[in-house]
Amino acid sequence: MTNVKARGLLAAFLFTLTLAGCGAQDKPAVSNGVSGATTPPSQEQSVPVKRTISVFSTDSELTKTSAREVEIELSEGDNELALVKSTLAELQKDGGKEEISLWKAIAFDKVTLEDDLVTVDILLPDEARLGGPGEMLAIESLTKTLFQFDFVNAVDILVDGEALETLMGHVELEHPYRK
């Protein structure tokens, strides 16, 4: 009879441990307010934030720059550098029939933001080179686009990591351009 009681107690003990272990695994880590849905604490969900910015393009005759409004999407925790990089990605896109990007063939190799200075290090392929007026408009569209942000007061353009005298051989570069 003692042997039966011992087995019964052992079985009850193991059953209790099993239930306790299963219960711990079934508990949600963090509830997101939706019944039955859970989110582990290590996978916080990021809410997209939409922001309207101005991007400067040129006309098809390369006579002037003009602003177009675009909406970009950032993650809630993105910083100012992420905003700059997203803006530069939009700068590389044409705006439509009459809005041409002079930056679409140019790669932004490295972009940094230190204090109020944005440094863009570009890769400039031969097919992206322009004449004097186009070069001037390219610089103007870049600086106007970045100077819309309060946190940007200077822009420095490097080519293959070097501060060159000109961007494409026609217009003298300032190191850096200031608001």
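How many aromatic pairs does the structure hold? The structure, which is a predicted model, holds two. In one of them, the ring centres of W103 and F108 lie 5.5 Å apart and the planes meet at 20°, so this pair is stacked. Both W103 and F108 are buried. F149 and F151 form an aromatic pair that is likewise stacked, with 5.4 Å from centre to centre and 15° between the planes. F149 is buried, because its relative accessibility is 2% and the buried class covers values under 20%. F151, with a relative accessible area of 16%, is buried as well.

These pairs belong to a protein whose secondary structure comes to three helices and six strands. Along the sequence, the elements follow the pattern α-β-β-α-β-β-α-β-β. The protein has 179 residues, of which 33% are buried. When contacts between residues at least 6 apart in sequence are considered, 55% of them join residues at least 24 apart.

The packing of helices may be taken next. Two packed helices are described by the angle between their axes and by the distance between those axes. For α2 and helix α3 (residues 132-146), the axes come within 11 Å and cross at roughly 145°. The crossing of α2 and α3 is right-handed. On the α2 side, the residues that meet α3 are V84, T87, L88 and L91, and their counterparts in α3 are S141, L142, T145 and L146. Sorted by class, this contact of α2 with α3 has five nonpolar residues, three polar residues and no charged residues.

Helix α2 also contains E90. Is E90 buried or exposed? With a relative accessibility of 14%, E90 counts as buried, because the buried class covers values under 20%. Beyond its neighbours within four places in sequence, E90 is in contact with V55, R68, V70 and I72. Strand β1 comprises residues 48-58 and strand β2 residues 65-75, and the contacts of E90 include V55 and V70.

Charged side chains also meet in salt bridges, of which a search of the whole structure finds six. One of them joins E71 and K50, with a distance of 4.0 Å from N to O. E71 lies in strand β2 and K50 in strand β1, so the pair ties together parts that are 21 residues apart in sequence. E71 is exposed, because its relative accessibility is 52% and the exposed class covers values over 50%. K50 is exposed as well, with a relative accessible area of 54%.

A salt bridge is also formed by K104 and D94, whose closest N and O atoms are 2.6 Å apart. Both K104 and D94 lie in the loop between α2 (80-91) and β3 (107-114), so this pair ties together parts that are ten residues apart in sequence. K104 is partly exposed, at 47% relative accessible area. D94 is partly exposed too, at 38%.

R129 and D126 form a further salt bridge, in which the closest N and O atoms are 3.6 Å apart. R129 counts as partly exposed at 39% relative accessibility, whereas D126, at 61%, counts as exposed.

Which residues does A107 touch, not counting residues up to four places away in sequence? A107 touches Q92, D121, I122 and L123. The C-alpha atoms of A107 and V120 are 9.8 Å apart in space, and these two residues are 13 residues apart in sequence.

Notes:
Residues are numbered from 1 along each chain as its sequence is written. This is a predicted model: local features need pLDDT of at least 70, side-chain atom pairs count only at pLDDT 80 or more; totals for chains, interfaces and linings use all residues. Side-chain values use heavy atoms; hydrogens and water are left out. Helices (H or I, at least four residues) and strands (E, at least two) are DSSP runs, numbered from the N terminus. Buried means under 20% relative accessible area, exposed over 50%, partly exposed in between (1.4 Å probe, protein chains only). Axes are lines fitted to C-alpha atoms, for helices over the stretch in contact, and angles run from 0 to 180 degrees between N-to-C directions. A crossing is left-handed if the near helix is turned anticlockwise from the far one by less than a right angle, and right-handed if clockwise. Contact means heavy atoms within 4.5 Å. Ala, Val, Leu, Ile, Met, Phe, Trp, Tyr, Cys and Pro count as nonpolar, Asp, Glu, Lys and Arg as charged, and the others, Gly among them, as polar. Rings of Phe, Tyr and Trp (its six-membered ring) pair if their centres lie within 6.5 Å; planes under 30 degrees apart count as stacked, over 60 as edge-to-face and the rest as tilted.
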